[in-house]
Amino acid sequence: MKRRDALKIAGAAAFSVISASAVSAEASPPTRQKIIMVHGSWHWGACFEKVSNFLAETGCAVATPDLKSHGFDESRYDSFSTMGEYVQPVEKMLQESREPVVLLGHSMGGATLTYLGEKYAEKISKLIYLTAFMVPQGKTVLDYTKADATNPKKREILAIVKLVGDGRGLELDTTRRDLVKAAFYGDCSDHDVDIAIKNCVPITSTVPYAVVSEITADRFGKIPRVFIECSMDKAIPIESQRQMAADVPGAKIISIDTSHSSFFSRPAELAHIILENT
């Protein structure tokens, strides 16, 4: 079975729930703000399904779009060359929203938050970085991944990720299951790891790694921010998370003792944190 076919089958129930919620929302508007959750490299929007279901039960309107070349989007990783093209699915939601929304980004999803936070400051009520790249003016994500490349916590991820020949993509070797689990899903169930491996795309674009942050105090700087640090993370070690929080000061810091993928391992706790901070 193809990866996207497996994803469609796994997500069918979720889509029916979302459709039912949408009908209910028209009759009784949600009591909380809209939340858009942005996935990271190799991942897909529905990786947040556990958390989004908890949030939906409280009346939140939650969207979990696939970025370009991820999930249901059939574009190739090398079919675009700009950040604007990569984040277009999220940007479209912001453009069409009649009210400010909360943006949550996980891992590389932080690059999307930073880019859109500057461009659509008036459309965003809060930015929540979930062990995500939060890069200061003039820097790139690559600056941080290079800086922490010698951190022993990154041993597994460095063993399973390689730059493809054209330089436009990073390939994840999902055949090395134990290393993938250690790098991304250390405290997650085997069942969740199996789902993730089936639905991750094999190659992710290098575009978000190379984009230079152009944030300003007058736009991005005026949006309230939360940074949720994950102390057991081996993909973005806690040292790197704290360095970014220091380099882009002003965010409220919240710590949780999880691996890189708390949306799998501790969805109820994560949903509670989101609700408490929106």
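Which residues lie nearest the centre of the second largest pocket? In this predicted model, they are Thr-145, Lys-154, Val-161, Leu-170 and Tyr-209, which belong to a lining of 25 residues. The elements that contribute two or more residues to that lining are helix H6 (141–147), helix H7 (155–160), strand S5 (161–163) and helix H10 (207–210). The volume of the second largest pocket is about 460 Å³, and its lining divides by class into 14 nonpolar, eight polar and three charged residues.

From the pocket we turn to the sheet. Six strands make up an open sheet with parallel pairing, and their order is S2-S1-S3-S4-S8-S9. Strand S2 (61–63) and strand S9 (252–256) each have a single partner strand and stand at the edges, so one side of each has no neighbour in the sheet. On average, and with direction ignored, neighbouring strands of this sheet are turned by 20 degrees against each other. Strands of a sheet pair through backbone hydrogen bonds, in either a parallel or an antiparallel sense.

Strand S3 can be followed through its pairings on both sides. With strand S1 (residues 34–38), strand S3 (residues 101–106) forms a parallel pair over five bridges; within this part of the sheet, Lys-34 stands opposite Val-101 in S3, while Ile-35 has Val-102 in S3 as its bridge partner. S3 is also joined by six bridges to strand S4 (residues 124–130), the two running parallel, and here the bridge partner of Val-102 in S4 is Lys-126.

In a regular strand the side chains alternate between the two faces of the sheet. In S3 both faces are covered, with Val-101, Leu-103 and Gly-105 buried on one side and Val-102, Leu-104 and His-106 buried on the other. Six of the six residues of S3 are therefore buried, that is, under 20% relative accessible area, so the strand is largely enclosed by the rest of the structure.

Towards the other end of the strand order, helix H11 (residues 238–247) lies across strand S8 (225–230) and S9, and runs at about 165 degrees to S8.

A last point of interest is Phe-184, which lies in helix H8 (residues 177–184). Phe-184 has a relative accessible area of 3% and is thus buried. If residues up to four places away in sequence are not counted, Phe-184 touches Trp-42, Ile-157, Ile-160, Leu-172, Ala-235, Ser-259, His-260 and Ser-261. The C-alpha atom of Phe-184 is also separated by 9.6 Å from that of Ser-262, a residue 78 residues apart from Phe-184 along the chain.

Note on methods:
Residues numbered from 1 in each chain as written. Predicted model: local features only at pLDDT ≥ 70, side-chain atom pairs only at ≥ 80, totals over all residues. Heavy atoms only, no water. 1 Å grid on protein atoms, 1.4 Å probe; cavity = no way out; pocket = protein on both sides within 12 Å on 5 of 7 lines; lining within 4 Å. Points joined across faces, edges and corners; volume = space filled by probe spheres on them. Helix = DSSP H or I, 4+ residues; strand = E, 2+ residues; numbered from the N terminus. Nonpolar A, V, L, I, M, F, W, Y, C, P; charged D, E, K, R; others polar. Pairing = 2+ DSSP bridges. Axes fitted to C-alpha atoms, helices over the stretch in contact; angles between N-to-C directions. Contact = heavy atoms within 4.5 Å. Buried < 20%, exposed > 50% of the residue type's maximum accessible area, 1.4 Å probe, protein only.
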